[in-house]
Every structure is written in C-alpha cells, then in structure tokens.
Amino acid sequence: QVQLVESGGDLVQAGGSLRLSCAASGSWSIIYVMGWYRQAPGKQRDMVATISRDGTIHAADSVKGRFTIARDNAENTVYLQMNDLKPEDTAVYYCYAAFVDIWGRTSENWGQGTQVTVSS
C-alpha cells in the first residue's frame, strides 16, 4: 500500500504563494500518477493537477498559469507550487496516487488533506 502525507497548507492573503508537498511511503511496484485534488465546503472534490511518471501533466483550467505541479520520482514526492492565490482557491487539498501494488494490482489512495485558506 501507499501512504500519502501532505504538508504546506496555510492561511495566506490573496496574491500570495504556497507550496504543498506530498510524500509517499509504504510498498508498491510503481506509482504511475500522483496529483492534487481539492474540495471546498459544500462542493465536490475536483482535480487540480496530476503528473504521471513520465512527466505528463494535466491541470484544471482555473489554475493554469498560476499553479505548477512537479514530481521527484527518486523521493516519491509530488509538489504543488501555487502562485497568485485567490479566495476561490480556498479548499482542503488532497494528495492522490495511482499505483500498482506488489501483487500487480492497480489501486489508488488519498492523503488526509491539508487546508489552504486565501483571505481577500
């Protein structure tokens, strides 16, 4: 199994920046996608950005040009650099991983979430 631990959430003013980190631990064969999702109060959980092992990136239109996702395969860590934050970015941010376990089965897991609050 893959365990994910996020860090970096905080309270920040509009226009500010934050960097989220997510470290994977446990046992697996390969982690083929890592990424970030977010969920605001009363709303569904939406994709922010994902990055595959080969570096292919998918990002929500609302964050393009402001957020950057990066992955360190050697350290099994994914980062989300968030610039020019807006109040509508306020949400709990969840780390996500899709992986193949040691028995060859595909699976996925989520982190516990980290709160990002952007004040106007």
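The count here comes to one disulfide, taking a disulfide as a pair of cysteine sulfur atoms within 2.5 Å. Keep in mind that this is a predicted model, where local features need pLDDT of at least 70, side-chain atom pairs count only at pLDDT 80 or more, and totals for chains, interfaces and linings use all residues. Residues are numbered from 1 along each chain as its sequence is written, and side-chain values use heavy atoms, with hydrogens and water left out.

**The disulfide**

- C22 and C95 are the two partners, with an S to S distance of 2.0 Å.
- C22 sits in strand β3 (residues 18–26) and C95 in strand β9 (residues 91–100), so the bond ties together parts that are 73 residues apart in sequence. Strands (E, at least two residues) are DSSP runs, numbered from the N terminus.
- The torsion about the S-S bond of C22 and C95 is about -85°, so this disulfide is left-handed.
- Both C22 and C95 are buried; buried means under 20% relative accessible area, exposed over 50%, and partly exposed in between (1.4 Å probe, protein chains only).

**Aromatic pairs**

- There are three aromatic pairs by the rule used: rings of Phe, Tyr and Trp (its six-membered ring) pair if their centres lie within 6.5 Å, and planes under 30 degrees apart count as stacked, over 60 as edge-to-face and the rest as tilted.
- One of them is Y37 with W110, an edge-to-face pair at 5.0 Å centre to centre with 75° between the planes.
- That pair links distant parts of the chain, since Y37 is in strand β4 (residues 30–39) and W110 in strand β10 (residues 106–110), 73 residues apart.
- Y96 also pairs with W110: the ring centres are 4.9 Å apart and the planes are at 55°, so this pair is tilted.
- Here too distant parts of the chain are linked, with Y96 in strand β9 and W110 in strand β10, 14 residues apart.
- Put together, Y37, Y96 and W110 make up one aromatic cluster.

**How covered are the cluster rings?**

- Y37 has 18% relative accessibility, so Y37 counts as buried.
- Y96 comes in at 10%, so Y96 is buried as well.
- W110 is at 30%, so W110 counts as partly exposed.

**Charges over rings**

- R45 lies over the face of W110, at 4.6 Å from the ring centre. The rule asks for NZ of Lys or CZ of Arg within 6 Å of the ring centre and within 35 degrees of the ring normal.
- R19 does likewise with Y79, over the ring face at 4.1 Å from the centre.

Methods. Helices (H or I, at least four residues) and strands (E, at least two) are DSSP runs, numbered from the N terminus.
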